[in-house]
Amino acid sequence: MGRRRSDAVTLSDVARLAGVSISTASKAINARDEVAPATRERVLRAAAELSFQPNALARGLISGRTRTIGLLTDELGGRFAIPILLGVENALANEQMSVLLCDARGDAIRRRHYISTLLARQVDGFIVLGDDNDIRPSLTRDIPVPVVYVYCESSDPEDLSVIADDEGGARLAVEHLVSLQRRRIGHITGPQAYRAARDRVTALHRVLGEHGLGLAGGAPLYGEWSQRWGRHAAGMLLATDPDVDAVFCGNDQIATGVADTLSHWGKRVPEDVAIVGYDNWEEFAADCRPPLTTVDLDLERLGTTAARYLFEALDGRRPSGVVRQPCRLVVRESTSAVGRG
C-alpha cells in the first residue's frame, strides 16, 4: 500500500536511514563539495531505497535559485521559434527546471517590460531567441543573470551565441550537387539583407571555386522567401542559362516554386535539373514533386544546445563567443541521379 501524502518521505527519513545529519543529507543530494564521496553514496542509496523526491521549492531555497529560466523572443509565431523552444523546454525538463516565455513582438518597450518582469520573478537566467540567425543588439548589460542567445548572434563578443552554421549548410548542399557531376549550378535565394542568405552565397562561391566551376546565370538571384519568387526566378535563370543542371535554393518554399517552373518548361527533376532546398520544412520539402533534398538546421537540437550552455553559465562557467551548430543534408528524390541521361 502506497504512502499517504502525510506519510511522504522526507529528508529527515533519508538522513536517519543513511546515519547522517539532515544538513549532510541535504548537501549530498544537492551535490555540494563538502560531503565525502562515500557519505554521498550512502545518502543517495538511502534516497533511492526510500524513493525520495526532493521538493523543488525546498531545493531552490537551499541553492538560492528558483530553477526557472526566462525565454525572451521577438517572434513566437515564426516557424523557426517553436522547434527551438521545444529543444529548450526538453533540456530544462530533464533538469527539473521551468521556463517562462515572453514574446516582445519586436517592440522595444514591451521587451524592457518583460525583462523587468522576469527579473522580478527571480529567474536564474535568460535565453534570448532570435528569428533570423542574424546579429542583434546585446541585452546583457540590462540583465544581471546569465544570458545565452540562440538563433541570433549578440553584438557583444563577450556574450555566448548559439547559431546555425549557414556557411557549413550551404557547403553540404553544393558539394552534394558537385558529387552528382552537376556543373551548371544556379542559386536562387531570399533578400540580400539577410546575413543567412549572404553567408550561403559565400560558401557557394567557395565550393564552386574549389572545383573550378562558375555560377550558372553569372550571379545569385536574390528576392523573396516565397514560392512565387522561386517560380519567377527559375524562369529568369533558364532564360539566361538554358544549360543549368542544378539549382541550390535559399529555402524550401523557393525550391518548390523552382520545381513548378522546371516542370512547366518541360525539364525533368532530377534527370535534367537537380534541386536542393534549405530548412527541411516538411510542409514543402516532403510534399514537393519530387520530394526535396534539403539542408536541415536541426532547430530543436539548437535549442537544447543553448540550454546546456546556460546550465554551464549557472554553474559558474561563463563561455563567450559564437557556437555554430552544424547542419545536416537530407537527401530525397530531387537530386537522385537515377535515370539521368
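1. Basis. The model is predicted: local features need pLDDT of at least 70, side-chain atom pairs count only at pLDDT 80 or more, and totals for chains, interfaces and linings use all residues. Residues are numbered from 1 along each chain as its sequence is written, and side-chain values use heavy atoms, with hydrogens and water left out.

2. Overall form. The chain has 12 helices and 14 strands. These are DSSP runs numbered from the N terminus: H or I of at least four residues for helices, E of at least two for strands. The C-alpha atoms fill a box of roughly 80 × 45 × 35 Å along the principal axes. The radius of gyration is 26 Å, whereas a compact globule of 341 residues would have one near 20 Å. That radius is taken over C-alpha atoms, and the globule rule is 2.2 Å times the number of residues to the power 0.38.

3. Of the 341 residues, 49% are buried (under 20% relative accessible area; exposed is over 50%, partly exposed in between; 1.4 Å probe, protein chains only). Among contacts with a separation of 6 or more, 70% link residues 24 or more positions apart. Contact means heavy atoms within 4.5 Å.

4. Helices α2 and α3. Helix α2 (residues 22-29) packs on helix α3 (residues 37-49) at about 90 degrees, with the axes 9 Å apart. So α2 is roughly perpendicular to α3 (65 to 115 degrees). Axes are lines fitted to C-alpha atoms, for helices over the stretch in contact, and angles run from 0 to 180 degrees between N-to-C directions. Thr24, Ala25, Ala28 and Ile29 of α2 meet Thr39, Arg40, Val43 and Leu44 of α3.

5. Cis peptides. Most peptide bonds are trans, and most residues other than glycine have a negative phi. Val269 and Pro270 are joined by a cis bond, with omega about 10 degrees. Pro270 sits in the loop between α10 (252-264) and β11 (274-278). A cis bond also joins Arg289 and Pro290, with omega about 0 degrees. Pro290 is in the loop between α11 (282-285) and β12 (293-296).

6. Positive phi. Gln96 has phi near 55 degrees. Its loop runs between α5 (81-94) and β2 (98-103). Gln96 is partly exposed, at 47% relative accessibility. Asn133 has phi near 60 degrees. Asn133 lies in the loop between β3 (125-129) and β4 (135-136). Asn133 is buried, with a relative accessible area of 2%.

Terms used. Angles under 35 degrees count as roughly parallel, over 145 as roughly antiparallel, 65 to 115 as roughly perpendicular and the rest as oblique.
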